[in-house]
Amino acid sequence: VARGSISTCAVLASGTVQCWGDGSWGELGNGTRNRSPTPVPVSALTGALGLAVGAGHACGLTSGGAMCWGKAVSGQLGNGATSPPTFLTPVAVQ
């Protein structure tokens, strides 16, 4: 389990990730900007080994590399992008 300033995520025993809390920056990773008081699955992220949650973004580590989602205005997702400012589903870290 990892908690950021406005959301929380957990790796389940199945290797999937679920997040809950504020979703206005896409930090829940489920393709929406909706808030959720209960866990929702992160889209297209399986085999997670760990995760970290920040202020409006989150990242998951898999055996194939790292994936991040949410707020990207300062390049915090590691994919080289600052635009669009939000990625609603995981993108690969370069």
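Two strands count as paired if DSSP finds at least two bridges between them. The strands themselves, like helices, are DSSP runs numbered from the N terminus, with at least two residues (E) for a strand and at least four (H or I) for a helix. The model described here is a predicted one, so local features need pLDDT of at least 70 and side-chain atom pairs count only at pLDDT 80 or more, while totals for chains, interfaces and linings use all residues. Residues are numbered from 1 along each chain as its sequence is written, and side-chain values use heavy atoms, with hydrogens and water left out.

Let's start with the sheet that holds β1. Four strands make up an open sheet here, in the order β1-β2-β3-β4 and with antiparallel pairing. Its edge strands are β1 and β4, each of which pairs on one side only. Strand β1 (residues 2-3) is joined to β2 by a hairpin through 3 residues, and the two pair in the antiparallel sense over 2 bridges. Within that pair, alanine 2 stands opposite cysteine 9 of β2. On to the next pair: β2 and β3 run antiparallel and are joined by 5 bridges. Cysteine 9 turns up again here, standing opposite cysteine 19 in β3, and valine 11 has valine 17 in β3 as its bridge partner. The hairpin of β2 and β3 has 5 residues between the strands, and glycine 15 in it takes a positive phi near 90 degrees.

How much of strand β2 is buried? For this model, buried means under 20% relative accessible area, exposed means over 50%, and partly exposed is in between (1.4 Å probe, protein chains only). Strand β2 (residues 7-11) has 4 of its 5 residues buried, so it is largely enclosed by the rest of the structure. Alanine 10 lies in this strand, and it counts as buried because its relative accessibility is 8%. Alanine 10 is also 42 residues from alanine 52 in sequence, yet the two are 9.3 Å apart in space, C-alpha to C-alpha.

β5 and β6 pair in the antiparallel sense over 5 bridges, with glycine 60 in β6 as the bridge partner of leucine 51. These two strands form a hairpin with 3 residues between them, and glycine 56 in the turn has a positive phi of about 90 degrees. Strand β6 (residues 57-62) then pairs with β7, also in the antiparallel sense, over 6 bridges; here alanine 58 has tryptophan 69 in β7 as its bridge partner.

Next come the cores. A nonpolar core is a set of buried Ala, Val, Leu, Ile, Met, Phe, Trp, Tyr and Cys residues joined through side-chain atoms within 4.5 Å. The largest one has 13 residues, and those with the most contacts inside it are Cys9, Val17, Cys19, Val42, Leu45 and Trp69. The elements giving two or more residues to this core are β3 (17-21), β5 (48-53) and β7 (65-71). There is also a second, separate core of 7 residues, including Cys68, Leu77, Phe87 and Val91. In soluble globular proteins, nonpolar side chains tend to be buried together.

Most residues other than glycine have a negative phi, and most peptide bonds are trans. Alanine 44, in the loop between β4 (36-41) and β5, has a positive phi of about 55 degrees although it is not a glycine. Alanine 44 is exposed, with a relative accessible area of 74%. In the loop between β7 and β8 sits proline 84, and a cis peptide bond joins serine 83 to this proline, with omega about 0 degrees.
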